[in-house]
Amino acid sequence: MINFQLLRDDFPILQRTNRDRPLIYLDSSASSQKPQAVIDAITHYHANEHANIHRGVYELSERASIRHENVREKIKSYINAKHSREIIFVRGTTEAINLVAQTYGRSHFKAGDEIIISMMEHHSNLVPWQMIAKEAGAVLRVIPVTEAGELDLAELQKLISPRSKFIAIAHASNVLGTINPIKEIVKLAHAQKIPVLVDGAQAFPHQTVDVQDLDCDFYAFSSHKAYGPTGIGVLFGKTQLLENMPPYHGGGGMIASVRFANTTYAPVPQKFEAGTPDMAGVVGFGAALDYLQNIGMNNIIAHEKKLLDYASEKLSEISGLRIIGHAQHKLGVISFVLTGIHPHDIGTVLDHEGIAVRAGHHCAMPLMERFQVPATVRVSFGLYNTHEEIDALVSAIHLAKRLFA
Ligand code: PLP
């Protein structure tokens, strides 16, 4: 039995204050806080182990290279990829999606082709497709979202046609918390030989991810939302697709040989990893995965589900408060609006009570339009949150109501 209350002591930032109140951090969907184990791993790396990888012939460099590749192997096992070469280190989810749009997309999409996304996508899984569609003369098609905040799969079936060339879809919504039925979507897509990219930015830190079980072609995620450092993330891609894609960035480390007349490229994953990577970030990400594995994802899922259920119930009792998104399968993410008070004003009142939430469009403007709201307040949980913090949130919302009455 994991004592989640005790785990809070692993996160030094939770000991500090926000506006002279104990910090209540309810913005893990934007970025999670970091346990001491991750901070220590990065510090230890810089103090004792740093050298550029894959280049030096000296021991320090060789050891750094081995450590880097060991983390790749760890991530491969964590998401159950078939091969470690299917794990490409990138800066984060955004870069992973741009990589696929600019390499796979540029070499495959033609005028009249259709790329299917959904109405609940983060701008990171929308704008890159819009950019490449414009360039290729292709068209974006959009799966609608129901009033409950779920994807309308019947509409997806209608959208799929011989013109469909790609589907890019979030595993979980950063606004609604909805967990999408990825396996089902992949089955529908593969029946028509359409590859699927899954934006795993939100799901990866809070769910078990098995890319072979999902059978998706690409899966993108960021370390900083999963208790690891910023600046590092992963693109998983099936070997055959990666091997047939042109490189993204050119530079050192991604070549086999360079002549002025012609350059040949290194095999995957190096083909997509030009330049010196974020080695310290990779070490920190490895430590974050160890941390998560020690707790056990099933324990984390159960804990966060309890927080979600409790918060949903308590927030629903507040008159004038409307929760947006009531999907059957949800992460610990709740978006809401309150009659007569702008979300930014609620965010400001909560801030003065020490509570950090997100207020805005959450990089999902089309979804705001769908629900006819300019913005929402978003509360999102991490493994360190408690029921008492939810009680404090509810009190602070009542305070905001009184202040703006
Ligand atoms: N996709 C989703 C669903 C997200 O929530 C986010 C970030 O909030 C991103 C993509 C972008 O992630 P990053 O900023 O780490 O690249």
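R106 is partly exposed in this predicted model, with a relative accessibility of 48%. Its side chain meets that of E135 in a salt bridge, with 3.1 Å from N to O. The two partners belong to distant parts of the chain: R106 is in helix α4 and E135 is in helix α5 (residues 127–136), 29 residues apart.

A second salt bridge joins the side chains of E95 and R91 at 3.5 Å, N to O. E95 is buried, with a relative accessible area of 14%, because the limit for buried is under 20%. R91, at 59%, counts as exposed.

The salt-bridge count for the model comes to 22. One of these bridges is between E353 and R21, whose side chains meet at 3.1 Å, N to O. E353 lies in the loop between α12 (343–352) and β15 (355–356), and R21 lies in strand β2 (residues 21–22), so this pair ties together parts of the chain that are 332 residues apart in sequence. E353 is partly exposed at 24% relative accessible area, and R21 is partly exposed at 35%. Elsewhere, E69, R72 and E273 are linked in a network of salt bridges. In general, side chains of opposite charge can pair when their charged atoms come close.

Aromatic side chains also form pairs, and their count comes to 16. The rings of Y104 and F166 have centres 5.3 Å apart and planes at 45°, so the pair is tilted. This pair links distant parts of the chain, since Y104 is in helix α4 (residues 93–108) and F166 is in strand β7 (residues 164–170), 62 residues apart. Y104 is buried at a relative accessible area of 8%, and F166 is buried at 0%.

F204 and F285 form an edge-to-face pair, with 6.1 Å from centre to centre and 70° between the planes. F204 lies in the loop between β8 (196–199) and α8 (211–214), while F285 is in helix α10 (residues 279–295), so the pair ties together parts that are 81 residues apart in sequence. F204 is buried, with a relative accessible area of 1%, and F285 is buried as well, with 0%. Ring pairs also link F11, Y25, Y227, Y291 and Y384 into a cluster.

The last topic is the arrangement of domains. The domain assignment gives domain 1, made of 4–30 + 296–403, and domain 2, which covers 40–293. The centres of domain 1 and domain 2, taken over C-alpha atoms, are separated by 28 Å. In the interface, 37 residues of domain 1 are in contact with 34 residues of domain 2. About 2900 Å² of area is buried between domain 1 and domain 2, and carbon and sulfur atoms give 56% of this area. One salt bridge is found across the interface of domain 1 and domain 2.

R370 takes part in two kinds of contact. The side chain of R370 meets that of E147 in a salt bridge of 3.2 Å, N to O. The charged end of R370 also sits over the ring of F371, 4.6 Å from the ring centre.

Conventions
Residues numbered from 1 in each chain as written. Predicted model: local features only at pLDDT ≥ 70, side-chain atom pairs only at ≥ 80, totals over all residues. Heavy atoms only, no water. Phe/Tyr/Trp six-rings, centres within 6.5 Å; stacked < 30°, edge-to-face > 60°. Helix = DSSP H or I, 4+ residues; strand = E, 2+ residues; numbered from the N terminus. Buried < 20%, exposed > 50% of the residue type's maximum accessible area, 1.4 Å probe, protein only. Lys NZ or Arg CZ within 6 Å of the ring centre and 35° of its normal. Domains from an automatic or database assignment. Contact = heavy atoms within 4.5 Å. Buried area = accessible area lost by both parts, 1.4 Å probe. Salt bridge = Lys/Arg side-chain N within 4 Å of Asp/Glu carboxyl O.
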